[in-house]
Amino acid sequence: MTELPARRLLLVHAHPDDESINNGATMAKYAAEGALVTLVTCTLGEEGEVIPPELALLASGFEDRLGPHRVKELAAAMRELGVRDHRFLGGEGRWRDSGMRGAEQNRRPGAFWGADLDEAAAPLVEVIREVRPQVLVTYDPDGGYGHPDHIQAHRVAMRAADLAAERAFRRDLGEPHVIGKIYWNRLPRKAAEEAFAPLPAALPGLSFPAAATVEDVPGLSDDDAVTTVIDGRAYAGAKAAAMAAHATQVEVEGAWFALSNKLAQPLFPVEFYELVRGRAEGAPETDLFAGIA
Ligand SMILES: [Zn+2]
């Protein structure tokens, strides 16, 4: 095996853009500090809505060519974050975006929501045993806000973490590996309220027609759910550039961005986590690798 960097961080996400929106500053920071940052994305995001009118034909309801386009957007985003190790779960296009909860795409053959859990976990076990991360980041059991692919990404990530550690499981996928610390993404209400506070005053200077409010943000968590705070303010520019690289999904203007609903919302250069496996060092903890030998 080639020599691995001392610190290794694995992130598991559902669609291209989720990584930059949720963890862009964290990824840029650890990549800049020399850690191996590995991103596994579970689908190509084929069912996303398309913001730029000139690209509208890519959408699944028209020519259905959004997936390959988003592969390129993701590659561009990774260049902005300095992340070189990026993979799609089971290979590009193995599982497809399931669409929003209740959409008929949920039941389509190949939709990630319908994937067999152990079948989908196996290629992730192989990645875990190869890059041997000390830290895993993924969503909470509700997928942050209930999107079927986010819920499934959570299940697959947690299952793969367990299976990768099992001595008896699929030795053809590599030597067993125990991930020391597992985190779920969090956005605490208080931090969200603070970030939204200056938005009404900033809105007239932006091209977005309206502003979101805190109540528009799905999946806010209680402040005391947060164990770990990563101050990525030095990497805010990289995060913004990575988000902007997902141009079919995100529009960025300075410290603000909008999704396809066009509602301005704040970009978070400080990112929040809940440690669910392993021991936190400090309250709040300020380094995902704290306590790792
Ligand atoms: Zn997503």
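Leaving aside residues up to four places away in sequence, Tyr 235 touches Ala 25, Ala 28, Lys 29 and Ala 32, where contact means heavy atoms within 4.5 Å. Before going on, please keep in mind that this is a predicted model, in which local features need pLDDT of at least 70, side-chain atom pairs count only at pLDDT 80 or more, and totals for chains, interfaces and linings use all residues. Residues are numbered from 1 along each chain as its sequence is written, and side-chain values use heavy atoms, with hydrogens and water left out.

Where does Tyr 235 sit? Its place is the loop between strand S7 (228–231) and helix H7 (236–245); helices (H or I, at least four residues) and strands (E, at least two) are DSSP runs, numbered from the N terminus. Tyr 235 counts as partly exposed because its relative accessibility is 23%; buried means under 20% relative accessible area, exposed over 50%, and partly exposed in between (1.4 Å probe, protein chains only). Between the C-alpha atoms of Tyr 235 and Val 40 there are 21 Å, and the two residues are 195 residues apart along the chain.

The largest nonpolar core has 33 residues, and Leu 10, Val 12, Leu 89, Phe 112, Leu 124 and Leu 136 touch the most other members. Such a core is a set of buried Ala, Val, Leu, Ile, Met, Phe, Trp, Tyr and Cys residues joined through side-chain atoms within 4.5 Å. Two or more residues of this core come from each of strand S1 (8–13), strand S2 (36–41), helix H3 (117–131), helix H4 (148–165) and strand S5 (181–186). Another core, of 28 residues, lies apart from it, and includes Ala 35, Phe 88, Ala 238 and Leu 288.

Not counting residues up to four places away in sequence, Leu 136 touches Leu 10, Val 12, Ala 157, Ala 161, Ile 179, Lys 181, Ile 182 and Tyr 183.

Arg 132, in the loop between H3 and strand S4 (135–138), has a phi near 50 degrees, a positive value in a residue other than glycine. Arg 170, in the loop between H4 and S5, also has a positive phi, near 40 degrees.

Finally, Ala 283 and Pro 284 are joined by a cis peptide bond, with omega about -5 degrees. Pro 284 lies in the segment after strand S11 (270–277).
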